[in-house]
Amino acid sequence: MASTKTKLTYESYLKTPDDERYELLDGELLVMEPAPLTAHQYVLGNLYHAMRLFSDERNLGEVYISPTDVVLSDTDVVQPDLLFVSYERAHIVTHENIQGAPDLIVEVLSPSTAERDRTLKLDLYARHGVKEYWLVDPNAKTVMLLLLGEHRFETVGTYEEGQTLASPTLAGFSLNLAGQFRRG
């Protein structure tokens, strides 16, 4: 006899203890690891600053940094490292969280979450209609930029330190990766 596993919902997620961070992927509650490494935080801070400045100067939308709950469905709640929601889609931003797929999501890879970011979250973000997804590897000092195709993400390019990436979704935004990654 096959056993069925009960999927948790957003309502269950809201009842989790405040002393830990969680994500809900396909109804499974996952505990977030302890604080990220300094290299992770360094590159995340740089990306947030550049993206926020660009968006604010052009009045394009809002940029959020983790932890911000993104409720993709009743059984999928994530906390991406960085996300952008255009003003055209501002209706998905509530006082408590983001209700739906952001236009752009950035995940900075950590040893404990890299596999999840490259597989489960990649599929989840595509399924829910995230237009653009960046996988930032602070160790390799690269950014893989993916764009949503008809059914899945397609790689636009992988950019190394010193190269310039341009976001198709955040129109006009380009970033030279020189100095964006922590030395050493």
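**Note on the predicted model**

1. β1 and β2 make a hairpin, with two residues between the strands, and aspartate 26 in the turn takes a positive phi of about 50°. This is a predicted model, and the remarks below apply to it as such. The two strands, β1 (residues 22–25) and β2 (residues 28–31), run antiparallel and are joined by four bridges. One of the pairs is leucine 25 with glutamate 28, its bridge partner in β2.

2. The side chains of β1 deserve a look. In a regular strand, side chains alternate between the two faces of the sheet. In β1, Tyr22 and Leu24 point one way, while Glu23 and Leu25 point the other way. Both sets are buried, Glu23 included.

3. Two non-glycine residues have backbone angles to check. Most residues other than glycine have a negative phi. Aspartate 26 is not a glycine, yet its phi is positive, about 50°; the residue sits in the loop between β1 and β2. Its relative accessible area is 43%, so aspartate 26 is classed as partly exposed. Asparagine 59, also not a glycine, has a positive phi of about 55° and belongs to the loop between α2 and β3. Asparagine 59 counts as exposed because its relative accessibility is 55%, where the cut-off for exposed is over 50%.

4. There is a cis peptide bond to inspect as well. Most peptide bonds are trans. The bond joining serine 66 and proline 67 is cis, with omega about 0°. Proline 67 is in the loop between β3 and β4 (70–73).

5. Next, the open sheet. Six strands form it, in the order β3-β6-β8-β9-β10-β11, and the pairing is mixed. β3 (61–65) and β11 (153–160) each have a single partner strand, so they stand at the edges and one side of each is left without a neighbour in the sheet. From one strand to the next, the twist averages 15°.

6. Within this sheet, β8 (residues 104–108) and β9 (residues 132–137) pair in the parallel sense over five bridges. Isoleucine 105 stands opposite tyrosine 133 in β9. Helix α2 (residues 38–58) packs on the sheet and touches β3, β6 (82–86), β8 and β9. The direction of α2 makes about 165° with that of β3.

7. Which residues of α4 are buried? They are Lys121, Leu122, Leu124, Tyr125 and Ala126. Just after α4, glycine 129 has a positive phi of about 90°.

8. Histidine 128 is in helix α4 (residues 120–128). Its relative accessibility is 25%, so histidine 128 counts as partly exposed. Leaving aside neighbours within four places in sequence, its contacts are Leu72, Ser73, Asp76 and Ala101. Where does its side chain meet a backbone oxygen? A polar atom of the histidine 128 side chain lies 3.3 Å from the backbone oxygen of leucine 72. Aspartate 76 is 52 residues away from histidine 128 along the chain, and the C-alpha atoms of the two are separated by 9.8 Å.

9. Is glutamine 180 buried or exposed? Its relative accessible area is 12%, so glutamine 180 is buried, the cut-off for buried being under 20%. Glutamine 180 lies in the segment after β13 (174–176). Not counting residues up to four places away in sequence, glutamine 180 touches Tyr42, Val43, Asn46, Leu47 and Leu175.

10. Last, the largest pocket. Rolling a probe the size of a water molecule over the atoms shows where empty space is left. About 360 Å³ of space lies in the largest pocket. It is lined by 24 residues, of which Pro34, Pro36, His40, Asp81 and Ser110 are the closest to its centre. α2 and β8 each supply at least two residues of the lining. The largest share, three residues, comes from α2.

Key
Residues are numbered from 1 along each chain as its sequence is written. This is a predicted model: local features need pLDDT of at least 70, side-chain atom pairs count only at pLDDT 80 or more; totals for chains, interfaces and linings use all residues. Side-chain values use heavy atoms; hydrogens and water are left out. Buried means under 20% relative accessible area, exposed over 50%, partly exposed in between (1.4 Å probe, protein chains only). Contact means heavy atoms within 4.5 Å. A polar contact is a pair of N or O atoms within 3.5 Å; within protein, one must be able to donate a hydrogen and the other to accept it, and residues adjacent in sequence count only if both atoms are side-chain atoms. Two strands pair if DSSP finds at least two bridges between them. Axes are lines fitted to C-alpha atoms, for helices over the stretch in contact, and angles run from 0 to 180 degrees between N-to-C directions. On a 1 Å grid over the protein atoms alone, a cavity is a set of points where a 1.4 Å probe fits but cannot get out, and a pocket is an open set with protein on both sides within 12 Å along at least five of seven lines; lining residues have an atom within 4 Å of a point. Grid points are joined across faces, edges and corners, and a volume is the space filled by probe spheres set on the points.
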